[in-house]
Amino acid sequence: MDRVELSEDLGREILSMAKAKGATQGDLVMAEGDSFFVTVRMGEVEKISQAGEKRFGLRLFFGNSSASASTSDISRQSIERLVDDTARMARVTAQDPFSGLPAVEDLARAIPDLDLCDDAARSVSVDEKIQMALEVEKSALAYDGRITNSEGGEFSNHFGRVIYASSQGFSGEYTGSTFGHSVAPVAKSNGSMQRDYWYSSNRRFSRLESPKSVGEKAAQRTLRRLGGRKVKTCEVPVVFDPEMAGSLLRNLSSAISGYSLYKGASFLIGKLGTQIASQSVTVIDDGTIPGALGSRPFDGEGLPIRKKLIVDKGELQSYLLDTYSGKKLAMASTGNASRSVGEPPGVGPTNFYLAPGAHSPDGIIRSVKAGLYVTELIGFGVNMVTGDYSRGAAGLWIENGELTFPVEEITIAGNLKQIFQDIEMIGNDLEMRGRIAAPTVKISRMTVAGE
């Protein structure tokens with residue numbers, strides 16, 4: 001087969017082919033990457049994989065109708081066939097007055113270097129990667145005699161390249177890398193058995209937490225859950241650790257997605273410019289942070305990425321929109337188009353985080369006379385239309401400002417509209433461990449359902 005190399009020039013050539021077939025507009029995404037993944041358990045390698053992939057996706061418009069298609073066969077014949085097939089589908093698709101590409105004047109003018117790829121780490125050997133997974137598990141197992149088993153340790157990495165081009169005259173590309181390792185140890189004591197986990201992820205290999213620290217943190221998190229018990233149903237303050245507080249931010253990002261809003265599937269419809277949270281809450285979406293996991297130089301439609309104030313002292317300032325959802329809501333795109341190869345754009349946050357407060361995590365816990373410190377949430381009991389919130393939970397009981405005993409088999413409940421208003425204290429411990437992040441958060445009152 002006459003295979004071709006992915007490039008911006010190829011992108012422009014393909015769009016010219018589509019135009020010759022009558023397409024009025026079009027854009028495409030090309031992606032190539034190399035990935036590695038290894039899992040170990042009890043000191044033995046269980047699974048290992050290394051793969052390379054190239055994919056190409058095309059979207060064509062004929063007036064207000066459009067269609068998308070993709071292929072992993074990057075040959076001249078396959079590309080020509082894909083252009084023909086996509087054009088044929090786009091001609092017969094229903095007209096949609098809101099479809100189309102962004103205006104030319106809105107497209108990114110520059111492609112900033114955001115330090116997204118660790119090229120030096122391409123030299124890390126397979127043996128070194130396997131050793132990372134073995135060491136993170138070994139560290140957890142060696143931490144305490146009660147750690148008797150493991151659900152496994154992992155190491156993974158990915159190097160990727162993305163090219164985007166549109167008939168509006170935009171073309172650009174960037175490369176990125178991600179690295180991560182994790183472990184989930186199992187502890188046993190007096191008939192009680194518990195598991196927990198910890199992980200580290202970063203765009204740079206050298207910035208990962210050490211296997212020893214990740215393993216020990218996973219062991220500590222597991223051990224503190226031994227002997228868990230229920231508590232009586234009550235209404236008390238609830239403190240979310242940073243990982244669990246991040247889940248509240250995920251709920252918020254979903255509620256302000258343009259697609260949720262125009263479909264009527266969000267409890268924040270019509271709330272722009274109103275107070276949706278306590279005055280201590282400021283939320284930011286910033287895809288321009290160098291080296292952060294959610295950063296990128298342009299969005300899935302070639303629009304510039306910028307720092308956006310989403311919630312300012314409790315007031316909702318911005319939704320998350322791409323071009324299509326923006327048109328449906330009679331608003332401009334916020335540069336949050338998220339794209340996978342062969343699919344039309346959707347909406348996604350970049351680096352979406354709750355700004356840190358002035359309180360230490362210990363200080364927040366000390367402020368609680370009796371309440372719950374949440375370290376795990378279970379299930380998907382969140383109704384994004386009404387805001388009703390009910391999720392299984394586990395954590396530690398707070399008594400007189402101290403963590404006392406582990407708690408399990410409970411449910412925490414409320415309504416997100418009220419939960420955000422009831423955020424009483426925010427920690428100073430924000431770490432951008434993922435694309436969505438938050439520090440420790442204290443909710444003044446929620447229902448804890450137990451016995």
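Here are some questions and answers about this predicted model.

User: What should I know about the model before starting?
Analyst: Residues are numbered from 1 along each chain as its sequence is written, and side-chain values use heavy atoms, leaving out hydrogens and water. In this predicted model, totals for chains, interfaces and linings use all residues, side-chain atom pairs count only at pLDDT 80 or more, and local features need pLDDT of at least 70.

User: What percentage of the residues is buried?
Analyst: Buried means under 20% relative accessible area, exposed over 50%, and partly exposed in between (1.4 Å probe, protein chains only). Of the 451 residues in the protein, the buried ones make up 52%.

User: Is Val 45 buried, partly exposed or exposed?
Analyst: Val 45 sits in strand β2, which covers residues 44-62. Because its relative accessibility is 41%, Val 45 counts as partly exposed.

User: Which helix holds Ala 142?
Analyst: Ala 142 has a relative accessible area of 64%, so this residue is exposed. Residues 126-142 make up its helix, which is α3.

User: What distance separates the C-alpha atoms of Ala 142 and Thr 282?
Analyst: Along the chain, Ala 142 and Thr 282 are 140 residues apart.

User: What does the C-alpha trace span along its principal axes?
Analyst: The trace is that of the whole protein, taken along its principal axes. Its span is about 75 × 55 × 35 Å.

Definitions and conventions: Helices (H or I, at least four residues) and strands (E, at least two) are DSSP runs, numbered from the N terminus.
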